[in-house]
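Hi,

Here is the structure I promised to pass on. Have a look at it first, and my notes on what turned up follow below.

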Amino acid sequence: MKTLLFLLEKEFRQIMRNKQMIPLLLIAPVIQLVLLPLAANYTVKNISIAVVDNDHSTFSRKLINKITASGYFRLTGYTASYKEALSMVEQDKADLALQIPINFERDLVRENSNKVFIAINAIEGTKAGLGGAYIGSIINDFNAEIRGDWPAAQVTIAAPQITTVSSYWYNPFMNYNLYIVPAILVTLVTAMAAMQSAFNIVQEKESGTIEQINVTPIKKYIFILGKLIPFMVLGTILFTIGLLISWLLYGIVPVGNLFVLYVSLFFYLFSMLGFGLLVSTYSSTQQQAMSLAFFFILIFNMLSGVFNSVDSMPQWAQIIVETFPPSHFIKIMRMVVLKGSGFGDISYHLAAMFVIGLILNTWAVLNYRKTSG
Amino acid sequence: MKQLIVFIKKEFLQVFRDKQSLLMLFGLPIAQIVLFGFALSNEVKNSKIVVADYSKDVITTQIISKIASGKYFDIEQSLQSANQLQAAFKKGTIKMAVIFPANFAVDLLHTNKASIQIIADASDPNVATTVTNYITQIINDYNVQLGLSSAQPLQIVPEVQMMYNPELRGAPNFIPGVMALVLMLVCTMMTSVAIVKEKELGTMEILLVSPFKPLYIIIAKLTPNLLISIVNFFIIILLSYVFLDLQVKGSLLLLTFCSILFILTSLSIGLLISISAQTQQAAMMGSLMGMMLPTMLLTGFLFPVENMPVALQWLANFVPSRWYFIIVKQVMLKGLGITSVWKETLILLGMCVGLFAISLKKFKIRLQ
């Protein structure tokens, strides 16, 4: 126990001594938390639309007005031919092209039915899907409106109709920040924990001080603990700062219990620091440690559901993602912060992080022995 | 000239000696293309939902089986009471609840109106919007199918065509993004360490007192990274063709030319970092912190740039990968020619020349 205390004192001094690292560790994440949610706005609005109105009738003008007034669409082109509109889509000047055919109003009234043509640039899947859905429902609304105004239509309007009433729980105003900020906080803790713990032991290797520790009677697990605890503390401080920023800046107050969050954080740091230690046992220079850690962190960040829903991935990918600690912590964060889930709800994710952490740490300790022995 | 070749050879040997760095150089692009290409998808399907049916009549049973038969929803369980709903949402296992009130069919027949309540878990706003749209669509279809609304007058039928990517796959959007991300990061990071390392190890002094020209030192440092990145580029193109069935629709020559231009730009950024930084750690942190997040966010492949605040949009113009991303999308996915990407190509060219000139000017032949 006493040895551990001495080791901890040494580690903390080393961290505090490095004047450049403290700002990097604490201030850089804060700046990111302030800037990132501004950029990471996935609310689909301002879909640019090119309109070809071959009819120039009251109906077509009304429809176009309704689309531009909806707030989802921005009229970027009003072209004479469909071809021109399509070439705007090709050049990315419009996401969507809408063509109202010639004699639209006349045929609609005469034949009771008519078509409008919509071409959507589907390279960005989400935007295309939502854009299509929005314009579909606007046309539906417009349809109902003109039907209401049309005297001949009044007679048949009383057909039975099933309607839907939707409500959005936990985030009724569909605020994207509520979704993205907790996850960004997790990625910041990830980068700090994994990178720093990976560098730390390698630094001792590069400067040769690890030899000195190896010849002392310090037990391996105490040495590892001495490395883990300081970053545990730093991680907790960083997390707390992050929570404060999301409260002050974005007004996000966790619905759930803070204690639940911190216990989860502890399990998470345990597993991610284990990952960092493992990386450091496989590297002999800082460059190598960085390459390895970076390789995995990029994959963690992209696949753990920060930006993309894990549920829409194929089965095999979901199984792989299940072994990434960040994916569990991101789920926990969203559940506790937004829905107020308790220990009972998140027990599976906690257990998963603990098992992953146990495996990584054991692996690191075993591997560390091998190289030094 | 002979000197230069010997020097380039030395640089190659140094790169290939380090196994971990090789993992990053070649493993990262391959792993990313395979994982991201297959795993990332924007399509929301197989969403788990619960159904609470208080009516249990012919119509609700029909609607439920219609919901269950599509690919969008998996009905997880049938709830007995609404009290269980809160618990199910909190566990995070379901995305949406569909509730049929009592006497559903009776109401529909007698009052011509019946309403289904839909509750979506909006902690992920986009998924919530999408699943709500899907279910509304299904119920609208059912309305028509029943013949309830087929007699509607003045029916406007939107005919929607999804261009370039009819199945809404994730890959077409992610591959150009991953190409920009990987090429940019690998080039910048590898180059940024190159010169600082010599400074740290003290071998820089030896180089500087030799009759070797500074321009040659820079060229020799950049050549291995340039060649490796070009190989990477072809690996990515090949992989996306073989695995993801994503072929280059436009001119491969044009795409290669623009890619080399982009690689050179990234190398120049790395060079600049390398010349400014004093230690390897600073160079790495600089290229990692300074490059990774801006590249991921401001390139436009995760989040549309036009949704961002004006200041960030302005900032995004200075990120080379943003322009490269546009070029790849236009040439590779849409098959357009130089006439539609000349502006982006010129911007890249300008950045490349500018950055390289600054680096060359800043490169000092004295240590202090």
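In chain B, the axes of helix α9 (residues 214-242) and helix α10 (residues 252-276) come within 10 Å and cross at roughly 135 degrees. Angles over 145 degrees would count as roughly antiparallel, and α9(B) and α10(B) are therefore oblique to each other. Their crossing is right-handed. On the α9(B) side the contact involves B:Ile218, B:Leu222, B:Asn225, B:Leu226, B:Ser229, B:Ile230 and B:Phe233; α10(B) contributes B:Ser259, B:Ile260, B:Ile263, B:Leu267 and B:Leu271. Keep in mind that this is a predicted model.

α9(B) has another partner to look at. Helix α1 (residues 2-17) of chain B packs against α9(B) at an angle of about 40 degrees, and the axes are 8 Å apart. That angle makes α1(B) oblique to α9(B). Here too, the crossing is right-handed. From α1(B), the residues in contact are B:Gln3, B:Leu4, B:Phe7, B:Ile8, B:Glu11, B:Phe12 and B:Val15, and they meet B:Tyr216, B:Ile219, B:Ala220, B:Lys221, B:Thr223 and B:Pro224 of α9(B).

On to the domains. Chain B is assigned a domain 1 made of 2-40 + 167-362 and a domain 2 covering 47-145; the C-alpha centres of these two lie 48 Å apart. For chain A, the assignment gives domain 1 as 2-40 + 176-372 and domain 2 as 47-158, with 49 Å between their C-alpha centres.

Which phi does A:His56 have? A positive one of about 50 degrees, although A:His56 is not a glycine. You'll find A:His56 in the loop between β1 (47-53) and α3 (58-69) of chain A. With 11 other C-beta atoms within 10 Å, A:His56 is exposed. In chain B, B:Asn103 is not a glycine either, yet has a positive phi of about 60 degrees. B:Asn103 sits in the loop between β3 (96-100) and α5 (104-111) of chain B. Is B:Asn103 exposed or partly exposed? Partly exposed, with 14 other C-beta atoms within 10 Å.

Cheers

Definitions and conventions
Residues numbered from 1 in each chain as written. Chains lettered and ligands numbered in written order. Predicted model: local features only at pLDDT ≥ 70, side-chain atom pairs only at ≥ 80, totals over all residues. Domains from an automatic or database assignment. Axes fitted to C-alpha atoms, helices over the stretch in contact; angles between N-to-C directions. Helix = DSSP H or I, 4+ residues; strand = E, 2+ residues; numbered from the N terminus. Parallel < 35°, antiparallel > 145°, perpendicular 65-115°, else oblique. Left-handed = near helix turned anticlockwise from the far one by under 90°. Contact = placed C-beta atoms within 7 Å. Buried ≥ 20, exposed ≤ 12 C-beta atoms within 10 Å, placed from the backbone.
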